[in-house]
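Dear colleague,

Please read them alongside the model.

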Amino acid sequence: MRTLYVSALAASLGLSACGGGGGGSPIAVAPEPPSSSDRPRIEQTRSVLPSAARVYDYLYIHGSGEPFAGFDGTYQVPPGLRRFASPPTVRLRAGMSDRESANAYYAVALVNRALPYSHHLQIGADFPNDYPRESGTYFRAAPSGELFIEFTEGLQNLDGAPGFANSDGTARSRTAAQVGLNSEEFRGRPDWQAVSVLVHELLHTLGLDAHVPGDTYPDSNMFDAWFRLDGSLPAIDAAALQVLYTRLEAFTPPEDLSPALLGSWEDESMDIGGRIGPVTFGVRHANDIDMPFTAGREPTTTLADNSRLQGTATWTGALAGYTASQVTVAGAAGISVNLDTRNGRADFTGLENEDGSMWGDGDLGYTITVGGNYLRSTGGDAGTVNGQFYGANHEGVGGSVERSDLTAAFGATR
């Protein structure tokens, strides 16, 4: 195990979340740099991942064409693994609530964390509420290369399911898809439940068609759509998605499936990260893919409903990650949110390579917005920032920074 240290927490954002204050932009101030004993520790460790044989068995269930269990009986899909030839553009329905949109953005972010940056799903403009449906169904006729997501009313007759996935395509690939969740089902439920079900449906549209057996894969989101995902996909789901999109063609017939298709497969990852307050965060590297992750306790309310917070709330902590050439990078993280507008900033400063040299120009900055307990970037430097709040009263926040030249995770406390 190797330990690195964040050199400073300079230029973190900092008005505490107490006292009055109303609208306006968050104010950036630099707190006193911590002493060496207070600097967050960034450690390198290892994790065990699914073996090639286990991933093959899992993929065979999805590609065999054999029946699998559904909500009201047995379902069957044509044999073979089918995926999009290139990652689709995701479009959300216009008019969804901020919280519903935030859940959808975060579900897409969790899928993207399992994939190389070049294979990420891109999010495009919202599609209109009156976009035509296929006659007599809830399904929208999404254009080729697009994947629609919506929360909608009146899905109670879908065999008791909280949502649905619908895919179009040819015999040899997916071309378009839609995911829909029943709005009534998720009112009053915690955010993570909507995110978990959304990811389940998204994985169906991306090529994992079946429901896997719980006695073999109890921690798979494709066994239990309500399985809490927190800040990453389950290891088996992530591994299968990686093989499907980086090692297989758009169509793989079942007779061609074998462990040999996985090639040289690593079942152990090199991790970099740490723990700050209620947040565990880091990046796993294996099989040429960097996978950010976070974990922690779900807040008891949304950030907007936390009566203890007023004005501008600020969280400070650390970032750790890998460059495209697997050089480790560490620095300071600062998240600031105006509680009235739920807009703010994510700033990462003092970024250094493992040899002590400056990474890039030493900092990254993004504007962010918050819906429910999730945040996402809306502008700033290249790349994307996605995260969620942790702790009963939002004491922590963790998330990912993903770019072509850096894959990182961060954790911070209020």
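Helix α1 (residues 52-63) packs against helix α5 (residues 235-246) at an angle of about 80°, their axes lying 10 Å apart, where axes are lines fitted to C-alpha atoms over the stretch in contact and angles run from 0 to 180 degrees between N-to-C directions. That makes α1 roughly perpendicular to α5 (65 to 115 degrees). In this contact (heavy atoms within 4.5 Å), Arg54, Val55, Tyr58 and Leu59 of α1 meet Ile236, Asp237, Ala239, Ala240 and Val243 of α5. By class, seven of these residues are nonpolar, none polar and two charged, with Ala, Val, Leu, Ile, Met, Phe, Trp, Tyr, Cys and Pro counted as nonpolar, Asp, Glu, Lys and Arg as charged, and the others, Gly among them, as polar.

The model is predicted, with local features needing pLDDT of at least 70 and side-chain atom pairs counting only at pLDDT 80 or more, while totals for chains, interfaces and linings use all residues. Residues are numbered from 1 along each chain as its sequence is written, and side-chain values use heavy atoms, leaving out hydrogens and water.

Helices here are DSSP runs (H or I, at least four residues), numbered from the N terminus. In α4 (residues 191-206), 16 of the 16 residues are buried, so this helix is largely enclosed by the rest of the structure; buried means under 20% relative accessible area with a 1.4 Å probe, protein chains only. Just after α4, Gly207 adopts a positive phi of about 130°.

Helix α2 (residues 98-113) packs on α4 at an angle of about 50°, with axes 9 Å apart.

Best regards

Definitions and conventions:
Helices (H or I, at least four residues) and strands (E, at least two) are DSSP runs, numbered from the N terminus. The expected span of a helix is 1.5 Å times one less than its number of residues. Buried means under 20% relative accessible area, exposed over 50%, partly exposed in between (1.4 Å probe, protein chains only). Angles under 35 degrees count as roughly parallel, over 145 as roughly antiparallel, 65 to 115 as roughly perpendicular and the rest as oblique.
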